[in-house]
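Please look over the sequence and the model before reading on. The paragraphs below go through its main features in turn.

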Amino acid sequence: MNIMDFNVKKLAADAGTFLSRAVQFTEEKLGQAEKTELDAHLENLLSKAECTKLWTEKIMKQTEVLLQPNPNARIEEFVYEKLDRKAPSRMNNPELLGQYMIDAGNEFGPGTAYGNALIKCGETQKRIGTADRELIQTSAINFLTPLRNFIEGDYKTITKERKLLQNKRLDLDAAKTRLKKAKVAEARAAIWAEEVTKSEQEVRITQSEFDRQAEITRLLLEGISSTHAHHLRCLNDFVEAQMTYYAQCYQYMLDLQKQLGSFPSTFLSNNNQSSTTPVQSVSTPSVLASASASLPSVSNSIVTSGLSELKSSSGSRKARVLYDYDAANSSELSLLADEVITVYSIPGMDSDWLMGERGNQKGKVPITYLELLN
């Protein structure tokens with residue numbers, strides 16, 4: 001027998017086996033053939049494996065979305081990973097925002113209140129961006145990679161063995177069907193007894209192969225419990241990475257808030273004037289708003305008694321300018337730090353503003369930029 005003859009016979013045998021399985025599967029679906037049921041323990045293990053695979057995929061995909069919200073960036077990372085190449089390094093969102101803030105602060109002037117605040121905010125955003133990179137890297141190694149290894153490794157092996165078990169079961173049930181038919185034919189004296197013996201031997205062989213494959217599949221499926229224990233450790237690592245990240249971000253923002261809180265503090269130190277309410281009592285998550293004239297948010301509780309008296313009277317006072325201020329429109333007056341101007345209040349004016357005069361120029365000025373003089 002040459003190799004070609006052997007291959008032809010093997011292909012014919014494979015085709016016969018495939019046809020036999022297809023017929024058995026179709027008859028089972030039509031309710032015309034009996035089906036060997038798996039034992040309850042094996043069925044439970046199969047259900048547990050499917051459930052584990054389903055939720056592992058969902059958790060893995062949503063974690064990727066959490067760590068990288070940009071779908072285009074995720075696709076790019078996936079392509080580079082498949083090509084076994086390192087993705088180009090780019091600024092993440094916090095780093096990019098931080099760079100814009102720093103550039104804007106330098107453009108406006110580091111010596112101005114707004115420019116200085118922007119630079120400090122930008123530096124903090126860049127530190128948050130670095131912490132974000134560390135979170136992504138740690139989570140990918142300690143959490144996402146083990147989940148992906150299960151989906152692409154262990155579960156693929158389980159699926160392969162389960163499919164093989166299904167084929168062995170179809171072979172067994174097909175052999176049982178042939179044996180049943182042979183016994184019916186023997187009872188009618190239509191075939192020789194050797195045919196029944198041959199069918200019985202085929203059932204024994206297929207039963208043995210089915211039992212062996214069921215045991216292999218069962219052993220693999222019982223490893224799901226170990227998988228859960230491993231994923232639990234990985235989950236703890238992920239939580240720890242998140243805890244570290246958020247603790248770093250909190251500390252960065254706390255430090256930034258303290259730095260920004262120093263900008264309007266001199267507003268409270270008017271000559272011979274004192275306020276009973278400290279700066280920290282401003283009920284806003286960001287003290288930056290109190291240094292911005294476009295968003296005047298200083299509470300009435302921190303306005304000094306001198307300003308209160310000024311606004312309730314029709315007189316005027318001299319005031320020193322604390323920070324540079326660029327007028328937003330023609331109704332406002334631009335200011336230079338350390339210059340002295342005349343300020344007064346007019347009826348109906350917003351509580352956070354005064355009228356300011358410098359020579360023949362006048363316009364609205366924010367009270368947060370002023371220090372009243374005696």
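Of the 20 residues in the largest nonpolar core, L335, I341, V343, L354, V365 and L370 touch the most other members. A nonpolar core here is a set of buried Ala, Val, Leu, Ile, Met, Phe, Trp, Tyr and Cys residues joined through side-chain atoms within 4.5 Å. Buried means under 20% relative accessible area, exposed over 50%, and partly exposed in between, with a 1.4 Å probe and protein chains only. At least two residues of this core come from each of strand 1 (316-321), strand 2 (340-344), strand 3 (353-358) and strand 5 (370-372). Another core, of 19 residues, lies apart from it and has L45, L46, I151 and L179 among its members.

This is a predicted model, in which local features need pLDDT of at least 70 and side-chain atom pairs count only at pLDDT 80 or more, while totals for chains, interfaces and linings use all residues. Residues are numbered from 1 along each chain as its sequence is written, and side-chain values use heavy atoms, with hydrogens and water left out.

The secondary structure of the chain comes to eight helices and five strands, in the order α-α-α-α-α-α-α-α-β-β-β-β-β along the sequence. Helices (H or I, at least four residues) and strands (E, at least two) are DSSP runs, numbered from the N terminus. Of the 374 residues of the chain, 35% count as buried.

Between strand 1 and strand 2 there is a loop that contains D338. Most residues other than glycine have a negative phi. D338 is not a glycine, yet its phi is positive, about 80 degrees. D338 counts as exposed, at 52% relative accessibility.

Turn now to helix 4. Helix 4 covers residues 93-108, 16 residues in all, and reaches 22 Å from its first C-alpha to its last, close to the 22 Å expected at 1.5 Å a residue. That expected span is 1.5 Å times one less than the number of residues. Which residues of helix 4 are buried? They are P94, E95, G98, I102 and G105. Seen down the axis of helix 4, these buried residues fall within an arc of 95 degrees, so they line one face of the helix; the arc is that of the directions from the helix axis to the C-beta atoms. On the other side of helix 4, N93, Y100 and E107 are exposed. At the N-terminal end, N92 caps helix 4, with a side-chain oxygen 3.0 Å from the backbone nitrogen of E95. After helix 4 comes G109, with a positive phi near 115 degrees.

Helix 4 also takes part in the lining of the largest pocket, as do helix 2 (40-67), helix 3 (71-82), helix 5 (113-187) and helix 7 (224-261), each supplying at least two residues. A pocket is an open set of points on a 1 Å grid over the protein atoms alone, where a 1.4 Å probe fits, with protein on both sides within 12 Å along at least five of seven lines; lining residues have an atom within 4 Å of a point. The lining has 40 residues, of which Q68, A73, R74, E77 and I136 lie nearest the pocket's centre. Helix 5 gives the largest share of this lining, 11 residues.

E161 lies in helix 5 and is buried, with a relative accessible area of 16%. The C-alpha atoms of E161 and R218 are separated by 9.6 Å, although the two are 57 residues apart along the chain. K180 is also in helix 5, but is exposed at 55% relative accessible area.

Notes
A polar contact is a pair of N or O atoms within 3.5 Å; within protein, one must be able to donate a hydrogen and the other to accept it, and residues adjacent in sequence count only if both atoms are side-chain atoms.
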